[in-house]
Amino acid sequence: MLLLFLSAPSSAAVSFNPDSSRAAINLGLTGHTGFIIPHSRDIRHLSKSYPWGIEADLSLHFTNDRAWLYLHGYPRLGASVAFYNFDNPEVLGNAYTLLLYVEPFLSAHRRFSLSFRLGGGLAYMDNTYHPTDNPDNLFYSTAISFPLEISLLGNYRLSERWILRAGGTYKHISNGGLRQPNKGINFPSATLGINYALRPATFPERHLTQARAVQQERNFLVAVFGTGKDRKELSSKRLALVGIAANVSQPIGRLSALTGGAEWVADYALRRQLQNKGEDKDFQRGALLAGHEFRIGRFRFSQQLGVYVYAPVKARDPVYQRWGLEYHTSSMPFFGLNLKAHRHVADFLDVRAGVRF
């Protein structure tokens, strides 16, 4: 086995006996080590920390004809639990995360392959901001927060059951603006891990001429969204933020599409702030957006830049970013989560539902 491993070229196709119609079941163990990005002057003195973490995950790796028809590749769907130590227990504490992810593989049938993971979930933060007990922690102020993760990984198949993985990961954890302060933690990390296949599967080498590609059509999408929002200047509880968005999505490849659209947002926490100051200004804002999205089966991961075209009360910046993860049903409805941020500072995380035409 060792001689076979050392002599096999990385581009060689790997073929095993298990049934390719059944999804492979994989267990993974991964280590992370990185640094915190000092994206604000207020937290720069705390950003000289080097977080590390350990992650365990369980995934299904689909290898059948249907997966190939959707992606011309073999995607994984999985869940992971992780522990992150932020290297500053007195202020930042630790994070415990639960993440759901989708991970398409390129050339999964070969000994060496590349994969791209997109995930989101829940995090428990064990040392939150407190005005007297922990006033320096401006990163997060709620025990429950929302992690988002992007990873690019190289995968080397050691044997039928073992895969060695290495690459890079970018993580963002914040409470989505539910309570202030909420600077959010952004930390890239180097990633090294190992996977074990509880149930191995073959990865046939298919070609575009061997299967009919699923048609990628232009879509028009309309969604309503909402969340609760807090401002540190207010003594009241969280107030509603609601909005409507309309987008068009034009495919430019089997996994990619360009997007453009508009949104209108009514922020009732901002209205309360204006009322407290005695200012008679409109608390609503409108913007135009453009960007890109990955279409991975029924999942879509979007990245957009927005420009305010109507904002009587100026925002933190005239331009902002949106990061979204959506699940599209086989008919018209879709559901998702979307994070709005001004540079590296999260504004709010919303829940949305819509229809696709």
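Which residue is the bridge partner of Ala79 in β4? The partner is Leu100, and the views below set this pair among other close-ups of a predicted model, in which local features need pLDDT of at least 70, side-chain atom pairs count only at pLDDT 80 or more, and totals for chains, interfaces and linings use all residues. Residues are numbered from 1 along each chain as its sequence is written, and side-chain values use heavy atoms, with hydrogens and water left out.

View 1. Strands here are DSSP runs of E with at least two residues, numbered from the N terminus, and two strands pair if DSSP finds at least two bridges between them. Strand β2 (residues 52-61) runs antiparallel to β3 and is joined to β3 by 10 bridges, with His61 standing opposite Arg76 in β3. Between β3 and β4, which also run antiparallel, there are 12 bridges.

View 2. Asp87, found in the loop between β3 and β4 (94-106), has a phi near 65°, and Ser107, in the loop between β4 and β5, has a phi near 60°. Most residues other than glycine have a negative phi, and most peptide bonds are trans. Asp87 is partly exposed, with a relative accessible area of 40%, and Ser107 is partly exposed at 35%, where buried means under 20% relative accessible area, exposed over 50% and partly exposed in between (1.4 Å probe, protein chains only).

**View 3. The peptide bond from Gln180 to Pro181 is cis.** The omega of this bond is near 0°, and Pro181 lies in the loop between β7 (162-174) and β8.

**View 4. Phe112 and Ser113 lie in strand β5.** Ser113 is buried, with a relative accessible area of 5%, whereas Phe112 counts as partly exposed at 38%. Leaving aside neighbours within four places in sequence, Ser113 is in contact (heavy atoms within 4.5 Å) with Phe105, Leu106, Ser107, Ala108, Leu153, Gly154 and Asn155. The C-alpha atom of Phe112 is separated by 6.4 Å from that of Arg157, although these residues are 45 residues apart along the chain.

**View 5. The largest nonpolar core has 16 residues.** Such a core is a set of buried Ala, Val, Leu, Ile, Met, Phe, Trp, Tyr and Cys residues joined through side-chain atoms within 4.5 Å, and those with the most contacts inside this one are Phe86, Met125, Phe139, Ile173, Ile185 and Phe187. Two or more residues of this core come from each of β3 (74-85), β5 and β8 (185-199). Leaving aside neighbours within four places in sequence, the contacts of Phe139 include Ile36, Ile43, Leu46, Leu92 and Ile185.

**View 6. Salt bridges join charged side chains, among them Arg322 and Glu263.** A salt bridge is a side-chain nitrogen of Lys or Arg within 4 Å of a carboxyl oxygen of Asp or Glu, and a search of the whole structure finds 10. The closest N and O atoms of Arg322 and Glu263 are 2.9 Å apart; because Arg322 lies in strand β14 (residues 319-328) and Glu263 in strand β11 (residues 256-267), the pair ties together parts that are 59 residues apart in sequence. Both of these residues, Arg322 and Glu263, are buried. The side chains of Arg300 and Glu293 also meet in a salt bridge, at 3.3 Å from N to O, with Arg300 buried at 8% relative accessibility and Glu293 buried at 5%.

Notes
Helix = DSSP H or I, 4+ residues; strand = E, 2+ residues; numbered from the N terminus.
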